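Biologist: Please take me through this structure, beginning with the terms you will rely on.

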Amino acid sequence: MKIDGVFSGGGVKAFAYVGALEVLEEKGFSFVRVAGSSAGAIVSGMIAAGYSVKEIKELFINLDMNQFMDRSLVERYVPIWKWVSLYFTMGLYKGDRFENWLYQVLAKKNIYTFHDLPKDSLRVVVADLTLGKIVVIPDDLERLYNLRPESFLVAKAIRMSASLPYFFRPEKIMNTNREKSVVVDGAVLSTLPIWIFDQEKEKKQRPVLGMKLTASYDQLPAKKITNALDLTKDLIDTMRIAHDARYISTKHQEDVLFLPVTDVTVADLDLSAKDKQRLIDFGKVRATSFLKHWPN
């Protein structure tokens, strides 16, 4: 069965996607269009580029995520400088190595710009903090930035979407107001952009499957706020999920495969091979159970 897929952010928790994708493939599902934020943009990009589930698994399993922690020459010799520079650069790591890795991975499938992909096969969500907008790439490139979608690098779009705040430095891009927009992780404003495929005027052609690396919204635990740091963190978390929570709970709850990974943080770059496999197996179990009643 041909379907469309939407993948949420969640950092390294995305290993669970591999297991879910294995089950979907075994059951005969294949993706026509995909969309995602943050880690979901990475997975979506691989699928749109033509990577098989087996190839994605091999890429993820063999990936040393510490290689992406690129620092300036000064920071290598004066470690404390990275914390000082954080104030000005807004990110601990440059993100250049990460983008280069994405470029090389996509190049192996002869994918460089959005022109190289099947039409409408990939949409990547980013957050433009300067304009205060959720931005969909490539759809909004010309309208907001005077950029031609067919010449925009897919690796650049994914890197922008996966710019975890304070971890990777945000991308800066000139907008139509002749200002430099600060663009960060798409999951800041919409972690599961399943609404993308509802904006189209034509009748829905295929089932849309969402995958989210948390529990369902009505099962999220209550937060315990005891100090200012808790308040700040939970304020950001609440804003981050509020948009999607309302939309999904009223329209798409039954079409979302929730993968509640709770024992791994989004930036845990030192996952062991055992931990990676455990997440993959978890994704398999959850997907197998979900597909017993989907699609309806």
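Modeller: Helices (H or I, at least four residues) and strands (E, at least two) are DSSP runs, numbered from the N terminus. The model is predicted, with local features needing pLDDT of at least 70 and side-chain atom pairs pLDDT 80 or more, while totals for chains, interfaces and linings use all residues. Residues are numbered from 1 along each chain as its sequence is written, and side-chain values use heavy atoms, leaving out hydrogens and water.

Biologist: Is Arg178 buried or exposed?

Modeller: Arg178 sits in the loop between β7 (171-174) and β8 (180-185). Its phi is positive, about 60 degrees, although Arg178 is not a glycine. Buried means under 20% relative accessible area, exposed over 50%, and partly exposed in between (1.4 Å probe, protein chains only). Because its relative accessible area is 78%, Arg178 is exposed.

Biologist: What is the relative accessible area of Asn146?

Modeller: Asn146 belongs to the loop between α7 and α8 (154-161). Asn146 also has a positive phi, near 55 degrees, and is a residue other than glycine. Asn146 counts as exposed because its relative accessible area is 60%.

Biologist: To which side chain is that of Glu150 joined by a polar contact of 2.9 Å?

Modeller: Glu150 is found in the loop between α7 and α8 and is partly exposed, with a relative accessible area of 34%. A polar contact is a pair of N or O atoms within 3.5 Å; within protein, one must be able to donate a hydrogen and the other to accept it, and residues adjacent in sequence count only if both atoms are side-chain atoms. At 2.9 Å, the partner of the Glu150 side chain is that of Arg148.

Biologist: What distance separates the C-alpha atoms of Glu150 and Thr113?

Modeller: Contact means heavy atoms within 4.5 Å. Not counting residues up to four places away in sequence, Glu150 touches Thr113, Phe114 and His115. Glu150 and Thr113 are 37 residues apart along the chain, yet the separation of their C-alpha atoms is 6.1 Å.

Biologist: Which backbone oxygen lies 2.7 Å from a polar atom of the side chain of Ser121?

Modeller: Ser121 is placed in the loop between α6 (96-107) and β4 (122-128), and it counts as buried because its relative accessibility is 5%. Beyond four places in sequence, Ser121 touches Val32, Arg33, Val34 and Ala48. The backbone oxygen at 2.7 Å belongs to Pro118.

Biologist: How many residues of helix α2 are buried?

Modeller: Helix α2 spans residues 39-49 and is mostly covered. Among its buried residues are Ile42, Met46 and Ala48. After α2 comes Gly50, with a positive phi near 100 degrees. The buried count for α2 is 11 of 11.

Biologist: Which residues have the most contacts inside the largest nonpolar core?

Modeller: A nonpolar core is a set of buried Ala, Val, Leu, Ile, Met, Phe, Trp, Tyr and Cys residues joined through side-chain atoms within 4.5 Å. Leaving aside neighbours within four places in sequence, Met46 is in contact with Tyr51, Ile56, Leu59, Trp101, Leu102 and Val105. The largest nonpolar core has 70 residues, and those with the most contacts inside it are Met46, Ile137 and Met211.

Biologist: What is omega for the cis peptide bond that joins Trp294 and Pro295?

Modeller: Ile137 and Pro138 are joined by a cis peptide bond with omega of about 15 degrees, and Pro138 lies in the loop between β5 (133-137) and α7 (141-145). Pro295 lies in the segment after α10 (273-290). For the cis bond between Trp294 and Pro295, omega is about -5 degrees.
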